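Here is a short note to read beside the structure.

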Amino acid sequence: MSGPSSVSVSPPRPRLFCPLPGAIHPDHRQVEEGTRRWARAAGLDGLPGHEALLGHRTGELAARVLPGAGREAVQLLGDLVLWLFHVDDDCEDGPLGVRPAALADRLSRLLYAAEHPAATLLARDPVAGAVRDLRRRTEALFGPHAGATWLESLRAYFLSLLWEAGQRTAPEYPGMEQYALMRLHSGAVDTFLPFLEHAHGIALAPAERHDPRLAALKEMAAFLIGWANDLLSYRKESTRPGRRLDVVTLLRRGGAGLTDAVTAAVGQYDGVMCRFLELGERVAATAPGSRRYVAALHRFVRGAGEWELTSPRYGYRLGPHLLARAFSDRPSPEAARPLGIPALQWWWDSGTLSG
């Protein structure tokens, strides 16, 4: 199995099939400033890399994901995103990123702080203090059910961070299926999902909530956001030292050249997007709650993509006049090829499943 060439080659800029509507909350600048104030009050401003993270405009991401929600919900999500990036960067770039056992201890303590905000564990740790505040505010705004759902999403995200730390020191790279399954969680998409429902006041009936097609749509959204992240950040991330875990790198290790790897990954994205749109149309026709939730998922996928293209975090910084051109209005020819990830084949069959 050959690896990526050592010759520095500029990767092509991908265009992704994303015919979804985009919008941004009118108070996005105020949300951004509110996140700065919250970070200072929580003590996060003393952490390494904090100033750089502020420049990544996490409040804007929340404003693109929840363009029509109430200001308080958007502010809470913006604060959560900043906290998530602090955790993510510490786990990826800090010393714990290659020490899975130590990372497990750190994450288990943070999780306990989120589970029990009144506990004194990590009492002087600003990251723990911030997650306590996020848990309290989530329950105060959306209720205990939303708080419990958010906790479960945090567990899944932390598990993915441990998986990544283990892979950085493993003798072999993971296979594509291994990577894709964990990528469903490593983008922290699960932590956004309670906001899509509760911030919009969407009332899902039990049959809708447990519809396997809706579960498929949530996973497809996570796949699309993760694959877009890998493709859009590859140009910047490829210059960093150490082992990289992204779809382009894994395809290149399978023998593909850089252009072919990017083309193949774009084809996988476009193929899932086609299925996401098709299945979403079917699910949206079943009930008003499902229709509103599918629309929220659409805004989430589009909003995350737009933010990735405009935020300095991934090196694009496209202006508004170039943003629309970064998306394609039709899928690439490779979208018709099989996804090549057997564990996710059930997405293609989910249209025939009943709720």
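1. Burial. Of the protein's 355 residues, 55% count as buried (under 20% relative accessible area, with a 1.4 Å probe and protein chains only). This is a predicted model: local features need pLDDT of at least 70, side-chain atom pairs count only at pLDDT 80 or more, and totals for chains, interfaces and linings use all residues. Residues are numbered from 1 along each chain as its sequence is written, and side-chain values use heavy atoms, leaving out hydrogens and water.

2. Fold. The protein has 16 helices and two strands (DSSP runs: H or I of at least four residues for helices, E of at least two for strands, numbered from the N terminus). Its radius of gyration is 20 Å, close to the 20 Å that the globule rule gives for 355 residues, so the protein is as compact as a globular protein of that length. That radius is taken over C-alpha atoms, and the rule is 2.2 Å times the number of residues to the power 0.38.

3. Contacts. Take the contacts with a separation of 6 or more: 76% of them join residues 24 or more positions apart. A contact means heavy atoms within 4.5 Å.

4. Confidence. Mean pLDDT is 90, and 93% of residues reach 70 or more; pLDDT is the predictor's confidence in each residue, from 0 to 100. Residues 1-8 fall below 50, and this stretch has eleven contacts beyond near neighbours in sequence in the model. Among the elements, helix α6 (residues 126-142) has the highest mean pLDDT, 97. Helix α15 (residues 320-323) has the lowest, 57.

Terms used:
Buried < 20%, exposed > 50% of the residue type's maximum accessible area, 1.4 Å probe, protein only.
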